[in-house]
Amino acid sequence: MYGKAIVSLAFIILLLISFSLFIGTVDIRSYFFASPDGAHNLPCTPTHTQSSPSVPLKVYMYDLPRRFNIGMMQWKKGGGDDTPVRTAEELPRWPVNVGVRKQHSVEYWLMASLLGSGGEGEEREAVRVLDPEIAEAYFVPFFSSLSFNTHGRNMTDPETEKDRQLQVDLIDFLQKSKYWQRSGGRDHVIPMTHPNAFRFLRQLVNASILIVADFGRYPKSLSTLSKDVVSPYVHNVDSFKDDDLLDPFESRKTLLFFRGNTVRKDKGKVRAKLEKILAGYDDVRYERSSPTAEAIQASTQGMRSSKFCLHPAGDTPSSCRLFDAIVSHCVPVIVSDLIELPYEDEIDYSQFSIFFSINEAIQPDYLVNQLRRFPKDRWIEMWRQLKKISHHFEFQYPPVKEDAVNLLWRQVKNKLPGAQLAVHRNHRLKVPDWWQRRR
């Protein structure tokens, strides 16, 4: 009798425990598994943990003669040693006050990052390997943007022939490489941030991973967002390091600032329209300028004293002005319908930028009225966010964790699975890319 009672009681207790577990009033894990922080029965809140550092991308850099890269930096010296650069000690510092060349110097900073050995414990997104057999990507250290700026800016200048010949020689070099032949160049990384870089023979490198500033002058057959990497321009103005005012909104007296060339081609014609529309406002500065040292200094002061900085399209959808605004902590106002932005899989630009279509921006009074009504607390949020993310747009040597160079190499790493897919498909396809011709 007592045995049956004990069994019945045990059954009832087991039933109650099971029911409690089901509805969540009892958590036996707190008794059998130690809480990470020693606390029990506390509400669960989301946490954000720092992910472990990824394995650096292994990059082989071709040994190109100096005439393809740093030889063009010595434009005042001319000639000189043409042996490949193999160590960081052989790399000259990027010169100061070289105008438009600086904003297109991404190629220099990528090359420099591979030459450096890196400090102990430094987290790097890419490392140089000397054995091409173990490389995951192949970097081509041709300064195509500097070549255009040095040899052919006027397009019809006889010096342009030097730019063309460098491209011819480079293609000849690459096509003899078994690593280029093996992948058709798909795992090769080629910087060309100037819209006219590599303009003579672009179609011969259209399978490679191109580092571009935007797609304004590239047909879809050459460059696409799926295979290529969008890079920021190197900013011209100095970074705002001591922007710690108690009330930054009130201290910036100018509502909207723009300084630059107002005569542009294609979509850049909007600049001339905006110049007329924005004339006559006391709190708007819209100034014509060329990229001289004096103008850059004036832009530095103008951006630091303005709440919003205007970024209209230029000859192509992007320009250096956007990144000047970011490092000046001046909220960008972007008027460029076809713009693509760097690292957009990691950064949400709407958190610190305002976007207007061209049609919206050229409506009289519309742009200014929208900015005048912009809430102060929202602007301060954007200003704080600019301060948090501006280091992602810094090019420097040696590179620093999460700076522009490291983020670009991470973007390259993200493109490689697609490149490998294309390589493997190409090995077996009898009709290459048949799917692109489907109706």
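Reply: What follows goes through the salt bridges pair by pair.

This is a predicted model, where local features need pLDDT of at least 70, side-chain atom pairs count only at pLDDT 80 or more, and totals for chains, interfaces and linings use all residues. Residues are numbered from 1 along each chain as its sequence is written, and side-chain values use heavy atoms, with hydrogens and water left out.

Side chains of opposite charge can pair when their charged atoms come close. A salt bridge here is a side-chain nitrogen of Lys or Arg within 4 Å of a carboxyl oxygen of Asp or Glu. The whole structure holds 20 salt bridges.

Take Asp63 and Arg86. Their closest N and O atoms are 3.6 Å apart. Helices (H or I, at least four residues) and strands (E, at least two) are DSSP runs, numbered from the N terminus.

Accessibility comes next. Buried means under 20% relative accessible area, exposed over 50%, and partly exposed in between (1.4 Å probe, protein chains only). Asp63 is partly exposed at 29%. Arg86 is partly exposed too, at 45%.

Glu90 and Arg66 form another salt bridge, with closest N and O atoms 2.7 Å apart. Both sit in the loop between β1 and α3, 24 residues apart. Glu90 is partly exposed at 30%, whereas Arg66 is buried at 12%.

Lys176 meets Asp172 at 3.2 Å, N to O. Lys176 is exposed at 62%; Asp172 is partly exposed at 40%.

Finally, a network of salt bridges links Glu125, Glu346, Glu402 and Arg410.
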